Amino acid sequence: MMKKLSLVLMLVFAGMATLMAQRTIQGTVSDESGEALIGATVLVKGTSTGAVTDIDGNYSLTVPSGGTVLVFSYTGYASKEVQIGTSNVIDVSLDPSIEQLDEIIVTGYSEVEAKKLVSSVAVVDDKAIENVALTDVNQIIQGRAAGVLTTAGTGQPGASIDIRIRGTGSITAGRGPLYVIDGVIVDQSDYTTQTQSSNVLANINPNDIANVTVLKDASATALYGSRGANGVVLITTKRGKAGESRITAKVQYGVTSPTGATDFDVMTAEEVLAYERTVLENSGFDPDQFRPNSLLDQTFDWVDAAFRTGQTQNFELQASGGNEKTRFYISGGYFDQQGVLIESAFNRLSLRSNVDHRASDKLSFSLNFNGSYSENLNATAGNRFASPLLGSFTNSPLLAFPFQEDGSLFTGAEAEWGGTFPDNFLYSLPLNPVTANTFRVLSKLEMNYNILDNLKFTQVANVDFVNIKETRFFDPTTNDGMDTNGQIDNAFNENISLTSQSLLKYFATIGDNHNFDALGGFEYQTVDRDNFSASGTGLASGQLQTLNSTANPQGVGGFKSEFAFASLLGQLNYNYDEKYFLTTSVRRDGSSRFGANNRYATFWSVGGSWAISEENFMAGLDFLDNLRLRASYGVTGNASIGNFESLELYGFGNNYLDTPGSSPTQIANPDLTWENSDNFNVGLDFSIINSRVNGTVEYYRREGYDLLLNVPVSRTSGFGTATRNIGRIENTGVEATLGFAPVVASQPGGFSWNIDLNFSANNNQVLELPGGEDINNGSQIYSEGRPIRTFYAREWAGVNPDDGTPLWADGEGGTTGSYGAAPLQYTGNAEPNWIGGLNTSFAYKGISLSAFFYTVQGNTVYNNTRRFFDSDGQRYGWGHANYVDDNFWRQPGDNAERPQPIFGGNNNANGYSTRFLEDGSFIRLRNLTLGYQLPASVLDRLGVQGVNIYAQGQNLFTITDYSGFDPEMDESGTEFFRYPVGASVTFGLDVTF
């Protein structure tokens, strides 16, 4: 009996001790002027126990046993740690942070304070993203993150954008980064099958984005394992804060002008006439017979007809707020943008809702929902006769006139039509729409449960649904539709991605200096894609644009494809005394895409950092605020290939006498597995003079091996090529960022000046190819020891001064006049030597001015468009660039730049050669913004919380020696009648209630 009584008393006293050890702390969090900070975070260090301040800046939380320090943080302010001591009331004032070393960086599966960061990341905040009148966040972050090259292959509104992080890491597998929105992996694949590339990221409203974080090294990307080899782009959307509700209305209107194309000058009608008369004379023809001066009686400006000043409109309504238990952010918007090329446009209707709810001290939920619908009207691509881009520059202003005598438009089929091709785009383009309409829903449900004060479980379920309807219509009265009496092509594409994440997070502090946190989890993703397409011909009228109106069904097609990933992941972080930091991560991935023998692979990383400035021997350097050395190494992977590359496949459709049949279409490879990438990174972070100057310098090397290549196989197998793991590629480079504040405001509203720069230089080379043999890639070549984007062309050697014929290098130090005898040579690289960005901003009493410059230097561009415009007479009867009559050969002895122009061309002078390889370097004023925020005294009278009026310009001017439409290229480095990027000016008004 006494033993039982003793046991009961021990349990009672233990419970009382536990209760006594727990204390309730309360207080107020304010800024440097004493104003309450709403939504500030208060956290018990080393645990997940915390609270958020209310509308008056008040907080209250129960401190668990062993809790000795409270950590106070708020976006834009330096975090502060306070010893709890014996007081139950702790009031704290936070100071603004210039450098924001204490800001929280999202790293995907977790968050970390910037000062504890081991990885190489780049963060673009909402100030750089918000209110920029562009459709895709990839366009907006261009030039703002070191090591990130963003290129637009076309100026078509809503088209896809390419991103390369630290160079090109693969040859034929995917080379773009992984995209993660609010912690969930999303697919950025091009789901279109009949229209130009459509960008599903354009269905996300950039004004809903809080920040974009780019993960670059293995320490940052290894947790994404088989999909992190080419970097990771994390997109975090806005969330509500506890406090008074805020409603913001946004209105924008802007215009876009086609500066790139219209700056590319073509000859006037008078200049064309004079030039072509010269060509005829050189060729022994009578100019008065074929090019009489009377042709000047009727001319037409085709470039002016094809391009226009586009308009942009944007309307949005945002609401946010909440209390300590529930926070919300809701937005709805309509965006409409006309392209600078006629019959091109993009519009988007979007709705977002982010809700966070704390059910108890242990349980919390969040629900994210993003729904959008967009319509994309495509200008016909530049390689089609109906293209306004092709037609506007190739139609002669002398010969092609769009209107017939009765005032109606030529169709292009008439004998009297004088166009280069049998199509008048002014007639056919409005009648032959090419559209892609996209409906997307991206939804995430997250539950967090605090099992213990330092142990948290998170469960995430995500749905990403994409539906795209594509339509191509060919009116029966147009050239494209005449042969079939009209045609309709429809395609329906549906993609459903389901993701589940189960994560367990653990925090611990041992003694005063040893801090641990660990992450373990399981992730599963399955993606299903369905396609259906149908086509029909024969229409009674162009007004009938449905398949059931066609007389002759032409075909029905479709496919179904799916893949799945299953992953185990773990991470351990440790720091000692806030000086020495170590992080390790590992991920085990399984993918249905790979062979049965190699379906699983393990990826890992290790990284560390040393806070040198915290050492005692640095104490005397008062000007030094932070000095930190980082290094990491790890292995990541690439799984961006087709879903069934490892399987032996049969194709059906080989029918005979109405009996279905099949035949082999792909050889099996059960050993097929991931590309791998070894990544090494070392960086130095610094901050001096009260954080007025800060920056980072980094060096990296990443080597890709076991590349997924489509290589030749023995013909005895019955196939010509198969996908194999073979080859190596390397990227090495340096990056530097620098931010400094020449002038810091001494009081609120005072004058301030900030400058931010970034610089990136990357060297790419192919290390190993199958058998060491070169692989042709169109105008480029893959070759060991050379960059992946090396051009392979005959070397132009100028003009023979004796007879005005072209010359090429013969490969032996001499020249030859025979195009076929000139050898192909390695020459030029489409990848830039370096890229950079410069942003400078000023602020004074509510007035702000910022200018952002972006530059790409050292890349070579193949101007395939110029081959048609500068053809030495081969394209006689077309439009011509205004420089074709500059310095061409006229008589023996001339040291001319161009051969003698002759009808039909001069000895293949405009054949593929280095003559049309140009320096693609440019400097561009990417963004210029002038804004004004009304002062508090005016706001009080108006009864609103904020009014922001602004004007901004995009691509206002470009400095370049490139002679084509636009020096900003996609990674191919080749231009052929490319839709140019326009220059825009936008005016906006934001009102917050």
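In which strand does glutamate 523 lie?

Guide: Glutamate 523 belongs to strand E25, residues 514-537; helices (H or I, at least four residues) and strands (E, at least two) are DSSP runs numbered from the N terminus. The model is predicted, so that local features need pLDDT of at least 70 and side-chain atom pairs count only at pLDDT 80 or more, whereas totals for chains, interfaces and linings use all residues. Residues are numbered from 1 along each chain as its sequence is written, and side-chain values use heavy atoms, with hydrogens and water left out.

Glutamate 523 is buried, at 2% relative accessibility (buried is under 20% relative accessible area, exposed over 50%, partly exposed in between, with a 1.4 Å probe and protein chains only). Its side chain makes a polar contact of 2.8 Å with the side chain of tyrosine 109 (a pair of N or O atoms within 3.5 Å; within protein, one must be able to donate a hydrogen and the other to accept it, and residues adjacent in sequence count only if both atoms are side-chain atoms). Leaving aside residues up to four places away in sequence, glutamate 523 touches Tyr109, Ile185, Arg227, Thr499, Ser500, Gln501, Phe565, Ala566, Ser567, Leu569 and Arg587 (contact means heavy atoms within 4.5 Å).

Aspartate 577, not a glycine, has a positive phi of about 60°. Aspartate 577 sits in the loop between strand E26 (552-576) and strand E27 (580-591), and is partly exposed, with a relative accessible area of 30%. Asparagine 690 likewise has a positive phi, near 55°; its place is the loop between strand E32 (675-688) and strand E33 (693-705), and at 61% relative accessibility asparagine 690 is exposed. Most residues other than glycine have a negative phi.

A positive phi also occurs in a hairpin: lysine 845, with phi near 50°, belongs to the hairpin of E45 and E46, which has two residues between the strands. E45 and strand E46 (residues 847-857) run antiparallel and are joined by eleven bridges (strands pair if DSSP finds at least two bridges between them). In this pairing, tryptophan 834 stands opposite glutamine 857. E45 (residues 834-844) also pairs antiparallel with strand E37 (residues 752-768), over ten bridges, and there asparagine 754 faces serine 841.

As for nonpolar packing, the largest core has 41 residues, and Phe307, Phe393 and Phe977 have the most contacts inside it (a core is a set of buried Ala, Val, Leu, Ile, Met, Phe, Trp, Tyr and Cys residues joined through side-chain atoms within 4.5 Å). Helix H6 (269-282) is one of the helices that supply at least two residues of this core, and its six residues are the largest share. Another core, of 24 residues, lies apart from it and includes Val124, Val132, Val148 and Leu442.

Finally, the average pLDDT (the predictor's confidence in each residue, from 0 to 100) is 87, and 94% of the residues score at least 70. Where pLDDT is low, the predicted coordinates should not be read in detail.
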